[in-house]
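Look at the sequence and the structure below before reading on.

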Amino acid sequence: MKNVIAIILILLIAVSCQQQSRYTQQAPEIETVKALFAAYNSEDYEGQRQYYDPNVQIFINSPESSPTSLDENISQMMEEKDFFNNETITIEDDAIERVTTDDGEVWVNVWGEWKGNMASTGKEYVIPFHQTFQFVDGKIVKEYGYWDNSKIMEDMMKAEMESKSDTTAVQ
């Protein structure tokens with residue numbers, strides 16, 4: 001009988017000491033983010049809605065004081081489609097992770113590359129990026145995205161100035 005009690009106590013102690021994994025590279029939320037990027041790559045911007053909470057706050061290279069709505073984000077992606085061809089997002093399997101914070105928040109972090117060709121020049125751009133997504137009940141409630149698009153902006157301004165100078169020279 002003493003052995004049975006000792007075994008039960010040992011099992012209770014062992015079970016109570018186990019903690020839930022706070023970091024993983026395999027989770028439903030990771031599959032959601034992969035599906036989100038697959039929808040982007042196939043230009044199914046409206047199809048991305050299913051992964052987001054309707055009240056999601058999106059911060060793309062912006063401070064928390066300036067969130068973008070899902071409608072605004074989708075509209076912006078559709079507008080950018082006219083400026084670029086062959087847009088793709090690629091991520092390696094080891095560059096995506098799910099983390100549970102001390103407060104119990106669930107986040108998916110991604111590091112990858114965006115590639116695209118400027119429609120007006122054909123020039124290819126390869127832009128490294130980082131995005132992080134907060135999940136609640138299987139839906140994205142916050143998204144943060146960070147990348148340096150200054151080279152693209154510089155080339156767009158240069159092309160615009162050249163276009164204006166060509167127009168002025170013709171007159």
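What follows goes from the strands to the core and then to the aromatic rings. The structure shown is a predicted model.

Begin with strand E4 (106-118). Of its 13 residues, 10 are buried, so E4 is largely enclosed by the rest of the structure. Strand E4 pairs with E3 in the antiparallel sense, over 11 bridges. E4 also pairs with E5, again in the antiparallel sense, over 12 bridges.

The hairpin of E4 and E5 has 5 residues between the strands, and Gly122 in its turn has a positive phi of about 80 degrees.

In soluble globular proteins, nonpolar side chains tend to be buried together. Here the largest nonpolar core has 29 residues, and the members that touch the most others are Val33, Tyr52, Val110, Trp114, Phe133 and Ile140. The elements that give two or more residues to this core include helix H2 (28-41), helix H3 (70-80) and strand E2 (52-60), along with E3, E4 and E5.

The last topic is the aromatic rings. A pair of such rings is described by the distance of the centres and the angle of the planes. The model has 6 aromatic pairs. In one of them, the rings of Phe37 and Phe129 have centres 5.9 Å apart and planes at 70 degrees; an angle over 60 degrees counts as edge-to-face, so this pair is edge-to-face. Because Phe37 lies in helix H2 and Phe129 in strand E5, the pair ties together parts that are 92 residues apart in sequence. Phe37 and Phe129 are both buried.

Phe84 and Trp114 form another edge-to-face pair, with 5.2 Å from centre to centre and 90 degrees between the planes. Phe84 is in strand E3 and Trp114 in strand E4, so this pair ties together parts that are 30 residues apart in sequence. Phe84 has a relative accessible area of 8% and is buried; Trp114, at 12%, is buried too.

Finally, Phe133 returns: together with Phe37 and Phe129, Phe133 forms one aromatic cluster.

How values were computed
Residues are numbered from 1 along each chain as its sequence is written. Side-chain values use heavy atoms; hydrogens and water are left out. A nonpolar core is a set of buried Ala, Val, Leu, Ile, Met, Phe, Trp, Tyr and Cys residues joined through side-chain atoms within 4.5 Å. Buried means under 20% relative accessible area, exposed over 50%, partly exposed in between (1.4 Å probe, protein chains only). Helices (H or I, at least four residues) and strands (E, at least two) are DSSP runs, numbered from the N terminus. Two strands pair if DSSP finds at least two bridges between them. Rings of Phe, Tyr and Trp (its six-membered ring) pair if their centres lie within 6.5 Å; planes under 30 degrees apart count as stacked, over 60 as edge-to-face and the rest as tilted.
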